[in-house]
Amino acid sequence: MSATTTAMRGQTLAFPDGFIWGAATAAYQVEGATRADGRGVSIWDTFSRRPGAIADARTGDTACDHYHRYAEDIGLMDRLGLSAYRFSIAWTRVRPDGSGPVNQAGLDFYERLVDGLLAAGIEPYPALYHWDLPQALEDRGGWTDRDTAYRFAEYAETVQARLGDRVRTWMTVNEPWVASVLGYGIGVHAPGRNSWADAFRAAHHLLLAHGLGVRVLRAGGASQITLNVNLAPVLTPGQVNDPAVALSPEDAEAVDRVDALINRQFLDPVLRGEYPARVLPIIERVAGLGHIRDGDLAEIGRPIDLLGVNYYTPCVVRSMPGTPANPAYPGTEDIEFPGAFAPTTATGWPIVPTGLSQLLLRLTRDYPGVGLLVAENGAAFDDVVSGDRVHDADRTAFLESHLRAAHAAIEAGADLRGYLVWSLLDNFEWAEGYNKRFGIVHVDFGTQRRVLKDSGLWYREVIRRNGLWKERARRPTLEEVAARAGVSRSTVSRVINGQATVSPQFRETVMHVVNELGYVPNSAARTLVTQRTDTIGLVVPGTPGGADDPAFAAVVQAAGHALEAAGKRVMLMLGGSPGSRFRVEEQAVAGHLDGVVIVATAGADPLLSALARTGVPMVALGRPAAPPAVPYVAGDDVGGARAAVDHLLAQGRRRVAMICGPVDSTAARDRLAGYREALREAGRRSVIATGDLTRASGAQAMRELLEDDPGLDAVFAAGDLMAAGALSVLHEAGRRVPDEVAVVGFDDLEAASYTVPPLTTVRMPAADQARTAVRLLLRNLDGGPASSVILPAELIVRRSA
């Protein structure tokens, strides 16, 4: 099929005839039944039982129980109208120890799955490797051992011999960057190793396994073969919003170097038969080149039919002389990774749909002759479950914006053949356990009940039309609900606002239409009976996304979702300057705000006192430095710091220093107090250096501490970014972590899991505080009490301590 668009039909942005619409899962994430029917042990079975490796200490033992419920799940796919289902085959179900006897019961399961899909008119897209290497092979060296690639080829040949008469499209390896870097380089995925030499060797052997797999699949008659690669356009912060912006030579070099590491290191060997020149010196310096043998690149470069593109977010970099290499990207000295200022998903990943268009067009231009398939694209959000409905408007918006980007790329010439949403089901999300939901089908992990989310219902309509409406979907109005229900506008408003004057019959009719149309109450509906604006001010200090506030996105997102779920409008306002403070106060005095959630600043904040005088209900997020009579929600900074230091002392650490944050911040002062209390009770001396919550300041403070006391054996930093800076200096100084010096941070930012080694830290989730502040404010608006709340902190022990 040629990926050129057919003519527009009516009001639809049509995709090419025969465009593949599908969804994806992976074996360990959905199957469960890890001890059933002869399945062997995988590295994820082992890793998920390692203390601290998985959030909430969960495993994939049950997951979505897809192994037993596959027929029900095929029924869901049929309801959605999918034309393809991408799943992975568990190597350990086929060859339990990786290379020994074949387990026929495992092959029987995948045969039943394939036959069930075909009977429903759904094309099976099996992936042979999605990270669940047999533990027996890992015990012999895993992907650092060249022999593993040949064992993969044997396994691929076995599967193809059983299923090849019914499977047209095969996927070899999924995301070799993730399997090598996260699994072998920084240890946050299975098998949990921390060696960059191992990571580079693993990456090459994964590519070699792909090439050997292509050879045996093609010999067995496979008609279409693909490799799935996680790719990200590498951009500077300025390019995120303006791709055409001119780059300085320094930024251009930074972009090219990182692109070579994360994209071309995997694309060029497969599609050009060579490694990029920018990468080879880095590989040689870290791992040597002995693992790259004559003939390997010819094997790896065997022709494929499709390239699977897994896209979630761009990689944002800029030149910054003096910056140490990012732990996740060796060879990136003098490059900063600031991230993109954009709305984020529940995983904290910036949402940049235009990155998909750029990526697809770049691949078509640079690697002509191979078709493209979006093999993964999706997002985790905090879904709102209401009875038998899951209203996930954020996910629907995410998918729509990325499909529009994909359509724009096709119009510009990209050879895109299909789109597979990640994921069909909420599932075991690797190191995040069950805390992050990507599915278009909601799964209650206690009962295994499945419910199609609103995003799934929306996707079904996209598939049915083979396209998108030219105009973006809008939310139904109050008048449309009233017309469909056959009642007055005021009756709808009274039902939505819980007024008791509406009869049960009319209430049931209205609520049926509300659910059917996906209506979201707004201020127009509520003000008819409440005389409120239903607008809540969310006031944040300074510049959104500034380096002084790494939790900004989590706070805004969590508070915004909680307010929207309660039917409120959110007015986001800045309060950092006299002019902006005046505008916030002006909105409150004019009666445009029903209430305010305000993020407390360091030092005395005149806006708090000014708003208190207006009488508007208010809750502070964080304990204010000099609070008026305002309820607040804060984390237990003192208790969290004590837990961190007590843990270090319990490990036998005798000289525990602290890198303290800005002393005008109440949170930093409380963390300092907790540190001092713990040491005082243990009869130990305090040693303190100061920082400003940035990585650079943490690095400088660590240098000062080492100079003053070379024998210190533990460091507690009042923020994760400062702890990351401390880790980089300890690596530079040749100090082994944690053997010689243990390090603990505070806040549990996402980056804490990706430091080397992964950072022990105090979890103080800003999102939980934001949601609690919203609940407190809503209770106040309903006439309830509004007292301050201190949320407990949790010590997350990882390998740095």
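Visitor: Why is Asn174 called buried?

Guide: Happy to start there! In this predicted model, Asn174 has a relative accessible area of 0%. Buried means under 20%, so Asn174 is buried. Asn174 belongs to strand β5, residues 169-174.

Visitor: What does Asn174 touch, not counting residues up to four places away in sequence?

Guide: With those residues set aside, Asn174 touches Arg86, Tyr129, His130, Trp131, Asn228, Asn310 and Glu376.

Visitor: What makes the pair of side chains of Asn174 and Arg86 a polar contact?

Guide: Their side chains are joined at 2.9 Å.

Visitor: Which residues does the UniProt annotation "binding site" cover?

Guide: According to the unreviewed UniProt entry, the annotation covers Gln29, His130, Asn174, Tyr312, Trp422, Glu429 and Trp430.

Visitor: How do you know whether Tyr312 counts as buried or exposed?

Guide: By its relative accessibility, which is 13%. The limit for buried is under 20%, so Tyr312 counts as buried. Tyr312 sits in the loop between β8 (306-310) and β9 (315-316).

Visitor: What joins the side chains of Tyr312 and Glu376?

Guide: A polar contact of 2.6 Å, which falls within the 3.5 Å cut-off. Glu376 is also among the residues that Tyr312 touches, leaving out those up to four places away in sequence. That list includes Trp422 as well, a residue under the "binding site" annotation from UniProt.

Visitor: Why is Gln29 called buried?

Guide: Gln29 has a relative accessible area of 0%, and the limit is under 20%, so the word buried applies to Gln29. Gln29 is found in helix α1, residues 27-30.

Visitor: With which side chains does Gln29 make polar contacts?

Guide: One is the side chain of Asn427, at 3.3 Å. Another is the side chain of Glu429, also given as 3.3 Å. Each value is within the 3.5 Å cut-off. Beyond its neighbours within four places in sequence, Gln29 is in contact with residues including His130, Trp422, Glu429 and Trp430, which the UniProt record also places under "binding site".

Visitor: What makes Pro792 count as exposed?

Guide: Pro792 has 66% relative accessibility. Exposed means over 50%, so Pro792 counts as exposed. Pro792 is in the loop between β29 and β30 (794-796).

Visitor: What makes Arg93 and Glu31 a salt bridge?

Guide: Their side chains meet at 2.7 Å, N to O, and the cut-off is within 4 Å. Arg93 lies in helix α4 (residues 91-94) and Glu31 in the loop between α1 and α2 (43-47), so this pair ties together parts 62 residues apart in sequence. Arg93 and Glu31 are both buried. In general, side chains of opposite charge can pair when their charged atoms come close.

Visitor: How many salt bridges does a search of the whole structure find?

Guide: The search finds 58. One of the salt bridges is formed by Arg151 and Glu154, whose closest N and O atoms are 2.8 Å apart. These residues are three apart in helix α7 (residues 147-163), which separates them by about one helical turn.

Visitor: Why is Glu154 called partly exposed?

Guide: Glu154 has 29% relative accessibility. That lies between the 20% limit for buried and the 50% limit for exposed, so Glu154 counts as partly exposed.

Visitor: What is the order of the open sheet of six strands?

Guide: The order is β20-β19-β21-β22-β23-β29, with parallel pairing.

Visitor: Why do β20 and β29 stand at the edges?

Guide: β20 (569-574) and β29 (789-791) each have a single partner strand, so one side of each is left without a neighbour in the sheet.

Visitor: What makes β19 and β20 a pair?

Guide: Pairing needs at least two bridges, and six bridges join β19 (residues 535-540) to β20, so the two strands pair. Val540, for instance, has Leu574 in β20 as its bridge partner.

Notes
Residues numbered from 1 in each chain as written. Predicted model: local features only at pLDDT ≥ 70, side-chain atom pairs only at ≥ 80, totals over all residues. Heavy atoms only, no water. Helix = DSSP H or I, 4+ residues; strand = E, 2+ residues; numbered from the N terminus. UniProt positions renumbered as here; feature names shortened; annotations may be inferred. Buried < 20%, exposed > 50% of the residue type's maximum accessible area, 1.4 Å probe, protein only. Contact = heavy atoms within 4.5 Å. Polar contact = N/O pair within 3.5 Å; in protein donor to acceptor, adjacent residues only side chain to side chain.
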